Amino acid sequence: MDVIFSGIQPSGNLTLGNYLGALKSFLRFQDTHECYYCVVNQHAITVPQDPKELRRRTTELAALYIAAGLDPEKVTLFVQSEVPEHVQLGWIMTTLAYVGEMERMTQYKDKAKKAGESIPYGLMAYPCLMVADILLYQAKLVPVGEDQRQHIEITRTLAERFNYRYGEVFTIPEMFAPEGGARVMSLQNPTSKMSKSDDNQMASIYLGDEDDMIVKKIKRAQTDSDGEIRYDKENKPGVSNLLSIHAALSGRTFDQLAADYAGQGYGTLKADVADLVVGELRPIRERYRELLDSPELQRILDDGAAKAQAKASATYRKACEAMGLQR
């Protein structure tokens, strides 16, 4: 079977955008692919973290993976820092990358602006660790949100560069971005994506939000004065965002939704979207609370780390042999 790899940082409360853009995509592969899903906690330390908070968020994210529907009997779920080959291959990828490539990464440029003069080098170098995450498992497909496209491109570039210099070691991965829910936007500023770190709590729906809070946030979502319900991302970003959420959860196309809501107001659309989101997230929230801090979760993560390391160590040895790093 083809291999799938993807990971999410434990750097904040997961949003509906994280769920639709990544977690929900994971589920479709667990019956058909060899899947490795990771809590990428070493990416989170590119900025200072409180150790207790990082540990807590790592556990919470692992619980959410399972609560969202991942079956530990079908997928390998693990914590990145528990498989040392990630950082070991990450160093090798750092030696292959060019400074100009790293400086052009959009997320680095955005975060560097906020950091001012004290820019941690990890902000520039961390795509090399992300490359290693993917290549260690010989992943053919990487299900991520559209905002991660540039990282998949640099992964392909470095894999091809390694293979050209040292021989065919790594599979060249491809990106999988689902339509509709791949890029959920802020409810209050629909030209920016929904973010875990948004200061405006009404802008993001968090997976832990209670039903009434979800309804409240969607009712207050920004739309426009046009009154027509149709998908037009450029001219109607707020309405288009609501339609994207609807399409991702209902499976209906934008054309079908435009026909469904012809002559109806935004209030009807918002109420229906709220019902869909509440129906999707409530069972996830309930299962998450059962799993958190349970012996079951710890066993799953221990087993997952062992399985992941078995795969990762084989790839890492092969890369080291190709480079002459092993006697």
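Biologist: Is F254 buried, exposed or partly exposed?
Modeller: F254 is partly exposed, at 24% relative accessibility. Buried means under 20% relative accessible area, exposed over 50% and partly exposed in between, with a 1.4 Å probe and protein chains only.

Biologist: What is the average pLDDT of the protein?
Modeller: The average is 91, and 98% of the residues score at least 70.

Biologist: Which element has the lowest mean pLDDT, and which the highest?
Modeller: α6 has the lowest, 74, and strand β3 (residues 75-79) the highest, 98. Helices (H or I, at least four residues) and strands (E, at least two) are DSSP runs, numbered from the N terminus. Where pLDDT is low, the predicted coordinates should not be read in detail.

Biologist: Back to rings. How many aromatic pairs are there?
Modeller: Rings of Phe, Tyr and Trp (its six-membered ring) pair if their centres lie within 6.5 Å; planes under 30 degrees apart count as stacked, over 60 as edge-to-face and the rest as tilted. By this rule there are nine aromatic pairs. One of them is F26 with Y37, stacked at 4.2 Å centre to centre, with 10° between the planes. This pair links distant parts of the chain: F26 is in helix α1 (residues 16-27), Y37 in strand β2 (residues 34-39), 11 residues apart.

Biologist: Are F26 and Y37 buried or exposed?
Modeller: F26 counts as buried because its relative accessibility is 0%. Y37 is also buried, with 0% relative accessible area.

Biologist: And what does F254 pair with?
Modeller: Y231. The pair of Y231 and F254 is stacked, 4.0 Å centre to centre and 10° between the planes. Y231 is in the loop between α9 (211-219) and α10 (237-250), while F254 is in helix α11 (residues 254-260), 23 residues apart. Y231 is partly exposed, at 34%.

Biologist: Which rings form a cluster?
Modeller: F5, Y36, F78 and Y137 form one aromatic cluster.

Biologist: New topic. Where does V87 sit?
Modeller: V87 is in helix α4 (residues 85-96). V87 is partly exposed, at 39% relative accessibility. V87 and C128 are 41 residues apart along the chain, and their C-alpha atoms are separated by 9.2 Å.

Biologist: What about the backbone? What is phi of Q138?
Modeller: Phi of Q138 is near 55°, positive in a residue other than glycine. Most residues other than glycine have a negative phi. Q138 sits in the loop between α7 and β4. Q138 is buried, at 18%.

Biologist: And what is phi of D293?
Modeller: D293 has a positive phi of about 65°, and D293 is not a glycine. D293 lies in the loop between α12 (266-291) and α13 (295-323).

Biologist: Is D293 buried or exposed?
Modeller: D293 counts as exposed, because its relative accessibility is 64%.

Note on methods. Residues numbered from 1 in each chain as written. Predicted model: local features only at pLDDT ≥ 70, side-chain atom pairs only at ≥ 80, totals over all residues. Heavy atoms only, no water. pLDDT = per-residue confidence, 0-100.
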